[in-house]
Amino acid sequence: MKLDELKPLEALLTADFRQIEPRLQSLDKHLILRTYLDGYTLGDIDTKIWQALRGNRAAVSFIKRGSLVNLARWFQFIEENHPEIQADILAKDAAAKAKVAAASKAGASYALALQNADKGVVTRFLPEPSGYLHIGHAKAALLSDYFAHQAYNGTLRLRLDDTNPSKEKQEYQDAIIEDLALMGIRPDALSYTSDYFDYLYDMCIRLINEGHAYADDTDQETMRDERFKGIASRRRDRSVDENLRIFDEMKKGSEEGVQNCIRAKVSVDNPNKAMRDPVIYRCNIETPHHRTGTKWKMYPMYDFACPIVDSHEGVTHALRSTEYTDRNPQYQWFLDTLKLRQVYMWDFARINFIRTFLSKRKLAKLVDTGRVWGWDDPRMPTIRGVRRRGMTIPALRDFILKQGPSRNVVTMDWTNFWASNKKEIDPVAPRHTAILQKDAVKVTVTGAEAPAEPCSADRPKHPKNKDIGNKKVFFASDLIMDQADANSFKNGEEITLMAWGNAFVRQISGGDPIPSLTCELNLQGDVKKTEKKVTWLASQGQELVPAELWDFDYLITKDVLQEDDSLEEFLTPVTETMEDAWCDEAAAQLKKDDIIQLERRGYYRVDKGLGDWKDGEEGSKGKRLVLFCIPTGKTGPK
């Protein structure tokens, strides 16, 4: 090989095995009488090509088999004699091992031997743009990303399965792409099943011509009953010409065409009902496709399009949840019957949580009937929903990857999910104070140490993390305090006013609720000896910030919703509560998506800061903070 042929090789050797194999053979031939690719010492070309090969798992595996003797000799020689060029490679290896170790915590194992991985790995994530991504999709996406980009130096394809125009919208399509980016998933290629409608049409014509598919106008109820009982359709033996003619009518969307569907002639009575002549094409003339418009009047079914396009796009390993296990033989039947390139399948258990359902149809029903605010409602198990509730992306990734690609189906409690999030937010969440407006108790501070005039002092926003910065805490002789705290006090009791010091309760006004009380400061008192540490806010010297404190409950009352359960019977009647509160003046700087801790209340995500309101949007209550309570894992979502 000439020098100008060697120079471009570095960039070309990162592809999959099928693409680089001829180049490896050329390198082997070039090295027959050479120690180095170029010259008699280690140079730039040897360094870059060796590093490119070392970074390609498929290439390394093949070279170390030794079938290309000269290339193997050269590769090993460089590895043993030139450690100076390997620092970056070794650092990447260490980082990859660390990621595997992190993903394998809590019992998750990623020690999967994907078939023929040495020939390259191409995975895909295949969502339908008929709703927003939920946490079940997140597992599928993250696992496909993990095996493509971390376990192997492979490729991840994102393909939007847009084969049902009645359910799909551009809005959902855009949201899927955005949510994947938020999770740190960056596909190497983006495509749509609709890109292949012509190809799928040709494949269906092939099946019909070869006697493997037929047109059927049996009504849906009868077809379902016949499939269940293993009875052949009366249309199963239609001639090829008749089937082709009707398929053409379906393409036109004619009256006869819309009465028919196309079924694959697989089996009538296979014990696996997924193999009983599945429908592979059906008409839809009512709804234009959001990408192809009205060009097509019929569309391929998922079970037909999935294996064909997987094979056509070069997918090597299709990772699917166990709900598709019964359909795996069907997937293989299409590949075998059409003599397409093989794709390996790996099933993993879908992620399930108690008192939660992930059916997009049922989730859409909640949205459409106004039971929730939208797909990003903090009660929804969508990626946007749990993020709006306060789940951080690092915690979401960490939790799902810890589940691993196991096939064991389990229904988990939400506690571990939210506990993983607490580990992320606790070290960085600034602390603030909130007092409920309802029945807030007026407190008069007395004693020699009581401030004659309101004053302030800088205090750290986080007691253990100085990097979070400082905030001003205001002190005055007039405070407000929560009614629940005042109700627990006894006259003469010593309490601790958090971030200030001790005080004696001297006078509690009668009444229920308590309207006011008096405290005598005792800043020399030992805070370790008091039983009650209470929050408070100075009502003088600062401008208190109005806030809404929201908390949420499970959407359903049953731990596991069965397929035949009526959703309406198990919906939780009240799933949100809101209390008005006052927050410290420093909270005025908070903005949307900030995460804070309200002392003695818990963690909150800012859904709206004072500056996030649009003109006229605030209503009669005026501009205010809107804070959503973030579960910590102690009691689940509530």
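I took the expected span of a helix as 1.5 Å times one less than its number of residues. Helices (H or I, at least four residues) and strands (E, at least two) are DSSP runs, numbered from the N terminus.

I worked on a predicted model, in which local features need pLDDT of at least 70, side-chain atom pairs count only at pLDDT 80 or more, and totals for chains, interfaces and linings use all residues. Residues are numbered from 1 along each chain as its sequence is written, and side-chain values use heavy atoms, with hydrogens and water left out.

**Entry 1: helix α14**

I looked up helix α14 (residues 302–313), which has 12 residues. From its first C-alpha to its last it reaches 16 Å, close to the 16 Å expected at 1.5 Å a residue. Among the buried residues are Tyr302, Phe304 and Asp310. Just after α14, I noted that Gly314 takes a positive phi of about 90°.

**Entry 2: helices α4 and α6**

How do the axes of α4 and α6 cross? The axes, lines fitted to C-alpha atoms over the stretch in contact, come within 11 Å and cross at roughly 100°. The two helices are therefore roughly perpendicular (65 to 115 degrees). Contact (heavy atoms within 4.5 Å) involves residues including Trp50 of α4 and Trp74 of α6.

**Entry 3: a sheet**

I traced an open sheet of 7 strands with mixed pairing, in the order β12-β25-β26-β27-β23-β24-β13. Two strands pair if DSSP finds at least two bridges between them. The edge strands, β12 and β13, each pair on one side only. Strands β23 and β24 pair in the antiparallel sense over 8 bridges.

Key:
Buried means under 20% relative accessible area, exposed over 50%, partly exposed in between (1.4 Å probe, protein chains only). Axes are lines fitted to C-alpha atoms, for helices over the stretch in contact, and angles run from 0 to 180 degrees between N-to-C directions. Angles under 35 degrees count as roughly parallel, over 145 as roughly antiparallel, 65 to 115 as roughly perpendicular and the rest as oblique.
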